[in-house]
Amino acid sequence: MKKAFSNPLTILGFVIIASILLLALTAPFIAPYDPNAIDVKVILLAPSYNHWMGTDGLGRDVFSRMLYGARISLMVGFVAVGIATAIGIVLGAIAGFYRGWVDTVIMRTVDVMLSIPTFFLILAVIAFLTPSIWNIMIVIGLTSWMGVTRLVRAEFLSLRNREFVLAAQALGAKDARLIFTHLLPNSLTPIIVSSILGIASAVLVESGLSFLGLGVQAPQASWGNILTDGKEYIQFAWWLSLFPGLAILITVLGYNLLGDGLRDAYNPRTSR
Amino acid sequence: MLKYLLKRFLWMIPLLIGISLISFFIMHLAPGDITTSEASFNPKASEESRQKLRELYSLDKPVIVQYGLWLKRMATFDFGTSFASHQRPVFWQTKDKDGNVTLGMIQEALPITLLINVLSLILIVGTALPLGVISALKQNQLADRSITLFVFIGFAIPGFWLALILMYWTGVQHAWLPISGLQSISHENMGWLAQISDSLKHLVLPVFISGITGLAGISLFVRNGMLEVLHQDYITTARSKGLSENRVVYGHALRNALLPLITIFGLSIPGLIGGSVIAESIFAIPGMGKLFYDAVLMRDFPVIMGILTIGAILTLIGNLLADVAYAWADPRVRRGVVR
């Protein structure tokens, strides 16, 4: 841990993520306005002391909407990646531990899933369901577990025949005990790293979907759909486009910096 | 080599069956069956299109028969006709009794998407290779640091946002580049040279937007690959033989660092195809991505299922080509030493 945080970029990533988390959690207390309150007297005001990030086409305060959008972004990231990681750990552990035909079936399923363009897959599923934040999170989760599965399987395969595991097995440990107390804890670092990087891409996918109008639906604020509004007014209200885009960029950058920093710190091959 | 190719080719069959299963599963995702789904947004189309859906996918038959019929559709590339655009065939052209040809929707859209993707692959290779090599050779110096910063931003920047900014800056503020479609309105009246330059101008932004994430990824990949290779013993040997630095870097190191790149290209194909949705719908380019997006908005199920299948098949072909290219480029695989 100490080694990971000797890299200033990793610290930067951590600070970014921690601040956004804090802002999102305290949004109801620090947001100066109701994010959905329409006020026709203050339509499309430029950023000022009263409205830090200006107002949108319906007179809603952009800063308040950005704060609530942060909650959506974080929730989608965590829940989607939580689903993906849970599926990945279960399938990867089964494949890596039992090998044989189960392994073949699981890994071939991974190959099949990887050969369908993910964004097409997500959009196709959404077309058959109603777009809502819950559906988005579930769909992103169900279409992004393949990487974790491969990772956990590879870890399990390499740990499976190590002395400490064989010793535990010789002492009569059951499969479940081997998996949960010996193999899984020793595979945790790469799983955490891949989850952090996974959150970054889930945030990007959610904002893309919301931008296309297929994600979080108005009036609920998300960075993606604030940007969709911004697109309409780009010629005379730059603030509507600038802030949500920057927020997505900074958030994704934060997760990537943190994830990469942790990986480099624990990977002897790249940390020379 | 031949045996490897044959094996690799046959391997596509189970993958195709898997893809047919997943797409079949997606068709039946909606609560009940798709014909009664609440998701059929469009109230006008509902009863009529439900009936059409029932006929198209034989939803009144047992599931196993439905799957058999879906498999047959996939095998013959017959995805039916579009609900939304006047019964146009989804995949390939059809001729009616009077000999009038109606072009297929994917048939028209696919070449455009392929063109954009090929151009962005060229852009990616042309830019990412030098960036990655420079970054590795100047490890931890200013050039490396700036390239790494660029790579991180390239990874994190939302493509649709960058597209908006570039559209505004180069199209609205300065009018340097056209911001939508593939041709200007006056395209028909131009000379052929002007036509080519007109089309190219329309392609600049979409190609750049489709390529930006890949560009960042491949630069990083080349950098790390080069760093790994440069630390190996045979590079030291080459240096101690007294070879020039250029020969060591480009003749010995780069060639080996590039090998895995072939596989990475194969793996990046689904991302490129899927990413075309955003780029094409922002720039109003009539390719596969825009077609798919419009189909999703209008719940045009035959088109959705058709593009999903074709997209997966394209990915399989891309991966196959990448594996064949790898086998050809790596003498160890070519001569059957490994695998």
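**Exercise 1.** What percentage of residues 70-259 of chain A is helix, and how far apart are the end C-alpha atoms?

*Solution.* This is a predicted model, where local features need pLDDT of at least 70, side-chain atom pairs count only at pLDDT 80 or more, and totals for chains, interfaces and linings use all residues. Residues are numbered from 1 along each chain as its sequence is written, while chains are lettered from A and ligands numbered from 1 in the order in which they are written.

Helices are DSSP runs of H or I with at least four residues, and strands are runs of E with at least two, numbered from the N terminus. Over residues 70-259, chain A is 82% helix and 0% strand, and the end C-alpha atoms lie 20 Å apart.

**Exercise 2.** Describe how α4(A) packs against α2(B).

*Solution.* Start with the angle: helix α4 (residues 100-114) of chain A and helix α2 (residues 12-27) of chain B pack at about 75 degrees, with axes 9 Å apart. Axes are lines fitted to C-alpha atoms, for helices over the stretch in contact, and angles run from 0 to 180 degrees between N-to-C directions. So α4(A) is roughly perpendicular to α2(B) (65 to 115 degrees; under 35 is roughly parallel, over 145 roughly antiparallel, the rest oblique).

Now find the residues: α4(A) uses A:R108, A:T109, A:D111 and A:V112, and α2(B) uses B:P14, B:L15, B:G18, B:I19 and B:I22. Contact means C-beta atoms, placed from the backbone, within 7 Å.

**Exercise 3.** How many residues of chain A are in contact with chain B, and which helix gives the largest share?

*Solution.* First, 37 residues of chain A are in contact with 43 of chain B. Next, α5(A) gives the largest share of the side of chain A that touches chain B, with 9 residues.

Conventions. Contact = placed C-beta atoms within 7 Å.
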